[in-house]
Amino acid sequence: KKIAILASGNGSNAEEIIKHFEGSTKGKVAVIASNKKDAYVLERAKNHDISFISFTRKEMDDGFLEKTFAELEIDLVVLAGFLLKVPDGLIQQYPERVINIHPALLPKFGGKGMYGMRVHESVKAKGEKETGITIHYVNEKYDDGRVIFQESVKVEETDTPEDIANKVHALEHKYFPKVIESLL
Ligand code: GRF
């Protein structure tokens, strides 16, 4: 099965997924696509000999992803730190085959504008005793599709938002590749 990853930034999750499927018979990462042409995730793709492409917002709105993924015969689309809303056309082309990871226990701490450190700062500010990760299907709204997998981690009173971010990232790296494999 062929996986496409959409990412806008650092790409540590993307790299874990690439590594997980290197030498796997179940699937492989066929392409990394980014809306940022200088995103570090593209360096990571290069280092692992994975094809990568960047595109503009306008190209995306004009059907770039639908066309490119169809040509590449992509089976599963994985959002790993992708900060734009994916086009409805892509969701229709890949029903239940576009997934996202969110660094909190949805429906808490989700929605438009809730990403990156803002999530962990909000978790801290609310005095939450636990947080975690959510892997879910993507629908037409932000962070709203059916949940596939969640895992939680304790938040200590002394944890800073950075500490929380580190714990959540560790969970993401541990589980995201495995959950993807289970969906293939
Ligand atoms: C992750 O925390 C993910 O949950 C969120 O964006 C972050 C991406 O991190 N959607 P990275 O680029 O994979 O390091």
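Biologist: Which residues does Asn13 touch, not counting residues up to four places away in sequence?

Modeller: Asn13 touches Ala80, Gly81, Ile101, Glu172, His173 and Phe176. Each pair counts as a contact because the two C-beta atoms, placed from the backbone, lie within 7 Å. Bear in mind that this is a predicted model, where local features need pLDDT of at least 70, side-chain atom pairs count only at pLDDT 80 or more, and totals for chains, interfaces and linings use all residues. Residues are numbered from 1 along each chain as its sequence is written.

Biologist: Where does Asn13 sit?

Modeller: Asn13 belongs to helix α1, which spans residues 12-21. Helices (H or I, at least four residues) and strands (E, at least two) are DSSP runs, numbered from the N terminus.

Biologist: What makes α1 mostly covered?

Modeller: Seven of the ten residues in α1 are buried, namely Asn13, Ala14, Glu15, Glu16, Ile17, Ile18 and Phe21. Their cover includes strands β1, β2, β4 and β5 along with helices α2 and α7. Just after α1, Gly23 takes a positive phi of about 80 degrees.

Biologist: Which residues of the largest nonpolar core touch the most other members?

Modeller: Those are Ile5, Ile17, Ile32 and Val78, out of 47 residues. Such a core is a set of buried Ala, Val, Leu, Ile, Met, Phe, Trp, Tyr and Cys residues joined through C-beta atoms within 7 Å. Leaving aside neighbours within four places in sequence, Ile17 is in contact with residues including Ile5, Val29, Val78 and Ala80. In soluble globular proteins, nonpolar side chains tend to be buried together.

Biologist: And how many residues surround the ligand?

Modeller: There are 13, and the closest are Asn10, Ser12, Asn13, Gly81 and Pro103.

Biologist: How does the shell divide by class?

Modeller: It has five nonpolar, seven polar and one charged residues. Ala, Val, Leu, Ile, Met, Phe, Trp, Tyr, Cys and Pro count as nonpolar, Asp, Glu, Lys and Arg as charged, and the others, Gly among them, as polar.

Methods: A residue is near a molecule or strand if its C-beta atom, placed from the backbone, lies within 6 Å of it. A residue is buried if 20 or more other C-beta atoms lie within 10 Å of its own, exposed if 12 or fewer, and partly exposed in between; C-beta atoms are placed from the backbone.
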